[in-house]
Amino acid sequence: MEITINHYILLSFLLFAIGCFGVITRKNLIIVLMSLELMLNAANLAFVSFSRFYNDNTGQVFMLMSLVVAACEVAVGLALVVSIYHNKQTINIDVLKLLKG
Amino acid sequence: MIFLIILLPLIGAALNGLLFSSGLIKKDHESERRIVSIIGCSSILLAALISTYLFIQLIQNDNPAGIIQNSFTWIVSGELNISFGFLFDNISSVMTLVITWVGFLIHVYSIGYMHNDKSYARYFMYLNLFIFFMLVLVLGNNFPLMFVGWEGVGLASYLLIGFWYDDTQKAYAGRKAFIVNRIGDFGFLIAIFLIFLVFGSLNFSDVFSQAANPTFMENVPIIMITAIALLLFVGAVGKSAQFPLYVWLPDAMAGPTPVSALIHAATMVTAGVYMVTRCAVFFSASPLAQFIVVTIAVFTAFFAATIALSQTDIKKVLAYSTISQLGFMFMGVGIGAYAAGMFHLVTHAFFKALLFLGAGSVIHAMSDEQDIRKMGALRKYLPITSKTFLVGALAISGLPLLSGFFSKDQILGQLYERGFTIHFAVAIITALLTALYMMRLYFLTFEGKSRVSEGVMKKLHESPSTMTVPLIVLAVLSVLGGYVGVPDFVGEIFGVHHINAFKEFVWAAIPVEQHHTLGHHFFSHWDLLVLSVVAGLLGIGLAYYFYIYRPKHLNKITRNEDFGFLYNASNSKWYIDEVYNHTFVRGFNEISKLSFLFDLNIIDGLINKLASFTSGLSDFISKFQFGLVRAYAAVMTAGLIVIIYILFATLN
C-alpha cells in the first residue's frame, strides 16, 4: 500500500482530535498542557506534509517556527502550573474558576 | 453723595455684625452695648443728615428730574443694560427723609428697649441692614435695583420678626411673613419682565418717558398696561399687607416692638405705596387697574378696621390699624391722587411709629404684658407715654389740625370728587371705626379702672429718656407734620395760594397730568371736610361712651344673641387665618403629598424598573461565565465545528 498525502492528513486530524478531547475532558493541568502539545504537533505534521506535497519549503519553515513557540509555551505553562500548585496545593483545573459570573 | 446715604447703614451693619455679633470682639455687656449703639445710631444719623442736605439742594435747584448717580454697570446681557444707579428726586427724597429720620429715632428708642437683650449687637446689625435695603429700594433708579431692595427688606423683616427664634411661634411668624411675601414678589417680578418686553429697558427714566409719550403708547395694547399695573399691585399687596395677602402683618408683631414700629408701620409696608406712586404712568393709563386697586384698598381698610375693634393685644390692634391705614394710602394712589397717598404715608409714618413706640413703652413698663384687658389707668404711672400716645391716637383718628386729619381728608375728598361715591361712603365709615378703635385702645390702656396684677404693679415705671425723647419728637411731628400739605381750599380763605407745598413737590416728579375736578358735585370741599371731622369725632365719642362712660352697655351688645356673633367674628379676625389654613395651606400640603407620591411611584418607579430590568439582564448574561476552563474549550470546539460545517455546507 502506498502512503499518500491523505494518510498524513488523516493522522494529523486524529492527533488533533485526541488532543482536543484531552483538553476538554482531563482535569489535571499537566495532562491538559500535554494534550495542547499534541494539538500543536498535529498542526505541525500537516504543515510538513503539505510542504512535501507541494514541494514548497515555506511549510517547513512555519513548522520550525511553531516548534520554537511551543517550547516557549511549555516553559511558561509549566511555570504557571508550579505557581498554581504553590497557591492552591492542587493542579485540578476545575478549582480555578475565579471568573465565574 | 447719594451713594454715601446707602453705604453708611451698610457699614454700620457690617461693623456691628462682623465685630460684635460674630463674637470676634468679646466685651462685657455694658461696654459692648455702648459701642454697638454708637455705631448703629451714628451711621443712620449721618445718612439722615446727608439726605437732608441733598433734599435742601433739591428744593433750591428746583430740579424735577432729581439727582442721578450712576455708579457702575451692573448687568449687561443683549439689549438689557442695567446700571447700579441711584435717583434722588422729589418722590424718593420724601421717602428717604422719612426712612432715615424715623429710622434714627427708632434706633435711639431701641437703645432703651433692647437694653437687656443678650443679642444686642445682632439686633442693631439687622436694623441697620434693614435701613440699607430700604434705601436701596427707594433710591434705585431702575426696576431690578428696586427689586433687590424689595427682597432685601423682606429678608431683614424675616430676620427681625424671628429675632427671638428660641420661641417656635415667633420663628414661624417670620417664616409666614417671608412666604406670603413671596406670592407678591412673584407678581412684581413678572411685571418687571413685562415692562422689559414692552419698553425694552428697565431704567425708570427710559420707561416712564416712553410710557408718557402718546405716540409710543399707541402701539401698546391697553391690556398690557393693565396687566403690568395689576401685577405691580400684586407685589404691593404682598409687601404692603393688603387683602388677601395681609395675614402676615399681624403675626409679624412677634418681633421686638421698635421693629414693628420701623418696619411694619412706618417704612417697609409703605414700599408698595411708593412703588405705585413711582409707576404712576401705568396706573393712570388704566382705569380698570385703578378701579381694582381702589376697591381692594377700600375693602382692606374697612375689613382691617372691623378686626381692630375687638383685638385684645395692644400690638395686634396697631397691626390691623396699620393694614387699614395702608388701605387709605392705596385709595389715594389708586384713584390717581398720588400726592395725597404719599402725604398720608408720611404722616402715618409719624403717628404710627409714635403709637407703636408708645405701645413698646407700655409693654416695657408692664414687664412684657401685651393684653390690654390686664392694663388700665396707666396714665398716672406713664405720664409721657400716655400723653404722646394720646396725640398719636388723636392724629390717626383725624382730629382737626393734627397731621392725620389733613392727609386723610385729602384722600377722602379726592375719592368723592373723582366719582367713587360708594367707596367714599365705606371710607368715611372706616374713618369712624378708626377713631373708635384707636380711642378704645387708649381708654383701655391708660384710662378707666386699673386691671394690672399686683406683681406687675410694683415694677411699673416710666421708660428711660432714650425711649421717651423719640416719643416726644414723634408726637411733635404728628402734630406739625400735616402743615406741609394743608389743602389749597383752606389756604384760599387766608388768602394764601399754593399752600399745599407737599402736593406740588410730589407732583413735580410724576409724569402724569394732574386730574382737575370737572362739573358740580353735591358736596363741596367744606362739606367733605366737615363730614370727615364728624366721623372722627363720632368715633371718639362712641369710644368714650362704651369704654369710659357706660362700659356695661358694651357687654350687653357683645353678648347680644342677634349681633354677638359679629363681635366674635371680629375677635377671631373673621376666621381668615382658619380659612387660609383649610384651603391654601392644607391644599398645598395635599398637593405636595400627591406630587411626592407621583415622584415616588411614577418618576422614581420608572427609573427603578429600568434599573432592575438592566440588572436582571446582566444577571442572566453573567450565567454564561461558568469559570470552568474546560467548558470554555468545549464550547469553543463546538462552535468551531459548527462554523466548519456551515462553511462546507455553503461551499457546496
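**Exercise 1. Which residues of the largest nonpolar core touch the most other members?**

Step 1. A residue is buried if 20 or more other C-beta atoms lie within 10 Å of its own, exposed if 12 or fewer, and partly exposed in between, with C-beta atoms placed from the backbone.

Step 2. The largest core has 209 residues, and those that touch the most other members are B:Phe130, B:Met134, B:Leu135, B:Leu232, B:Met331, B:Ala353 and B:Val506.

Step 3. Take B:Met331 from that list. Not counting residues up to four places away in sequence, B:Met331 touches B:Val294, B:Ala297, B:Val298, B:Ala301, B:Ile411, B:Leu415 and B:Ala427. Two residues are in contact if their C-beta atoms, placed from the backbone, lie within 7 Å.

Step 4. A second, separate core has six residues, among them A:Cys20, A:Val23, A:Val32 and A:Ile93.

Note on the model and numbering. This is a predicted model, in which local features need pLDDT of at least 70 and side-chain atom pairs count only at pLDDT 80 or more, while totals for chains, interfaces and linings use all residues. Residues are numbered from 1 along each chain as its sequence is written, and chains are lettered from A and ligands numbered from 1 in the order in which they are written.

**Exercise 2. Describe the overall make-up of chain B.**

Step 1. Chain B has 28 helices and two strands. Helices (H or I, at least four residues) and strands (E, at least two) are DSSP runs, numbered from the N terminus.

Step 2. Of the 652 residues in chain B, 49% are buried. Among contacts in chain B with a separation of 6 or more, 80% are between residues 24 or more positions apart.

Step 3. Along the principal axes, the C-alpha atoms of chain B fill a box of roughly 130 × 70 × 60 Å.

Step 4. Domain 1 of chain B covers 2–511 + 522–571, and domain 2 covers 576–651; such bounds come from an automatic or database domain assignment. The centres of the two domains, taken over C-alpha atoms, are separated by 61 Å.

**Exercise 3. Why is helix α11 of chain B largely enclosed by the rest of the structure?**

Step 1. Helix α11 (residues 257–266) of chain B is largely enclosed because ten of its ten residues are buried. Among them are B:Thr257, B:Ser260 and B:His264.

Step 2. The buried residues of α11(B) pack against α3 (90–113), α4 (120–139), α5 (143–161), α10 (248–251), α15 (314–334) and α16 (338–365) of chain B.

**Exercise 4. Locate the backbone exceptions and state their burial.**

Step 1. Most residues other than glycine have a negative phi, and most peptide bonds are trans.

Step 2. B:Phe243 and B:Pro244 are joined by a cis peptide bond with omega of about 5°. B:Pro244 is placed in the loop between α9 (222–239) and α10 of chain B.

Step 3. B:Ala241 lies in the loop between α9 and α10 of chain B and, although not a glycine, has a positive phi of about 55°. B:Ala241 counts as buried because it has 30 C-beta neighbours inside 10 Å.

Step 4. B:Asp368, in the loop between α16 and α17 (383–397) of chain B, has a positive phi near 65°. With 8 C-beta neighbours inside 10 Å, B:Asp368 counts as exposed.

Note on methods
Core = buried A, V, L, I, M, F, W, Y, C linked by C-beta atoms within 7 Å.
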